[in-house]
Amino acid sequence: MEQKITVCIDPGHGGTKGTDFFREGEYGLREEEVNIRVALALEKLLADEDIEVILTRRDDRFVELQERVDIALKAKADLFVSIHHSVAQDRSLNYSIVYFHKNALGNPASVDFASYLAFYFQKRLKLSACVYSDYLVFPSGFHVLRSLKDIIPAVIGEASFLSHQKNELLLQRDDSIEKEAQCYKEAIMGYFENGLPNYKLISSDDDQDIIIELDDGFGGAHFKDDSLRVFINGKSVPHKLNIFKKVIVLEDKKSFGPGCHELYLQGNNKKDNNIHPKPYLFNNVSDGTEWSGYIKEGKKLYNQALDHQKNNNYEKFQITVQKAIEALNHSLRILPVHEHVDEVYYYLILCFKLIDDRARLEQHIKYLKNYVPSSEYTEKLDP
Ligand SMILES: [Zn+2]
């Protein structure tokens, strides 16, 4: 392992006794309690390993879903593991479930880890275990998994059913808690032992070629034959791999056309761990007069984002807002001062409002008011 790995452990729920009456077994054991006991036991088990562990809560308190995501992001976690227990009407049910977000093809690293976890649940708890998409539960999946999808592998583990009487009695015992924690530990260790393949876009918008730095998880660039693929706007494109420099080069960036594009990679390292297909955005700049084109593009993308939001298409909504922000910012990079700069600030403000990015929202309201005090857009802002 090249650098220290960070895992964010998220004990589900908390501070929910007064509201979520259903998260309880027949003998009164509550899900949030069991979740935290497993999480703390897991933290202890990982203490001797070369792994940084972050918990989203350490006691019975309410933590917003977004706050859990933010904790993982702030810690720059490499993996997010949410710990839960299932509760069902049918009290005879008892098996293990591991959820990943959306579809397996688009989220292969999460599925990799989910498979490790399911394997150890089955082996140690002697329960049958399945790996499911969170779309089976909610039409847009779970908030935490959805929000982390473009960043790191993330899963929700439901080791067993709290609603199963015998299992509830078991879960009151420390050795059962320990056993579940052991499953998580073995899955985490097993997964990381096989390397965390990764990539980074290192060329800038001004470069002629696109250069992507590779890491197979062991400091090299060795991937399974033909498994490496580069996608631009969802389409696989030809690339050149330079294994000694550990980079992928896409020549002639201009051939992808003007505007903002999305790039991601797929591939397995030699130990069969998949790359997490984290998207990067890049812009094509051909000359210095394109700033107005980017404003147009940014406004168009903003309106598309509104449509995605209306249609509850969160995934596309998030990506499109980011693209809009990127295009608008890009117009500012090409030409920071021009007669329509207030329009750029105004649309950036609308974008930040959409994704609830308070800090940048306020910063850009300030820019608009300070730099263009007489702008007609100031009146359009909500008080
Ligand atoms: Zn739960």
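**Before you start.** The model is a predicted one, in which local features need pLDDT of at least 70 and side-chain atom pairs count only at pLDDT 80 or more, while totals for chains, interfaces and linings use all residues. Residues are numbered from 1 along each chain as its sequence is written.

**The whole protein.** Show everything as a cartoon, and you will be looking at eleven helices and 14 strands (helices are DSSP runs of H or I with at least four residues, strands are runs of E with at least two, and both are numbered from the N terminus). The radius of gyration is 23 Å, close to the 21 Å that the globule rule gives for 383 residues, so the protein is as compact as a globular protein of that length (the radius is taken over C-alpha atoms, and the rule is 2.2 Å times the number of residues to the power 0.38). Along the principal axes, the C-alpha atoms fill a box of roughly 70 × 55 × 35 Å.

**The domains.** Colour residues 5-193 as domain 1, 198-284 as domain 2 and 291-380 as domain 3, bounds that come from an automatic or database domain assignment. The C-alpha centres of domain 1 and domain 2 lie 32 Å apart, and their contact takes eight residues from domain 1 and seven residues from domain 2 (two residues are in contact if their C-beta atoms, placed from the backbone, lie within 7 Å). On the domain 1 side, the touching residues divide into five nonpolar, one polar and two charged (Ala, Val, Leu, Ile, Met, Phe, Trp, Tyr, Cys and Pro count as nonpolar, Asp, Glu, Lys and Arg as charged, and the others, Gly among them, as polar).

**Helices α1 and α6.** Next select residues 31-46, which form α1, and residues 174-193, which form α6; these helices pack at an angle of about 55°, with their axes 8 Å apart (axes are lines fitted to C-alpha atoms, for helices over the stretch in contact, and angles run from 0 to 180 degrees between N-to-C directions). The two helices are therefore oblique to each other (under 35 degrees counts as roughly parallel, over 145 as roughly antiparallel, 65 to 115 as roughly perpendicular, and the rest as oblique). Among the residues making the contact are Val38 and Leu42 of α1 and Ile177 and Tyr184 of α6, and the residues of this contact divide into eight nonpolar, one polar and four charged.

**Helices α7 and α9.** Move on to α7 (residues 291-310) and α9 (residues 341-354), which pack at an angle of about 25° with their axes 11 Å apart, and which are therefore roughly parallel to each other. Here Ile295, Gly298, Lys299, Tyr302 and Ala305 in α7 meet residues of α9 that include Glu343 and Tyr347, and the contact divides into eight nonpolar, one polar and two charged residues.
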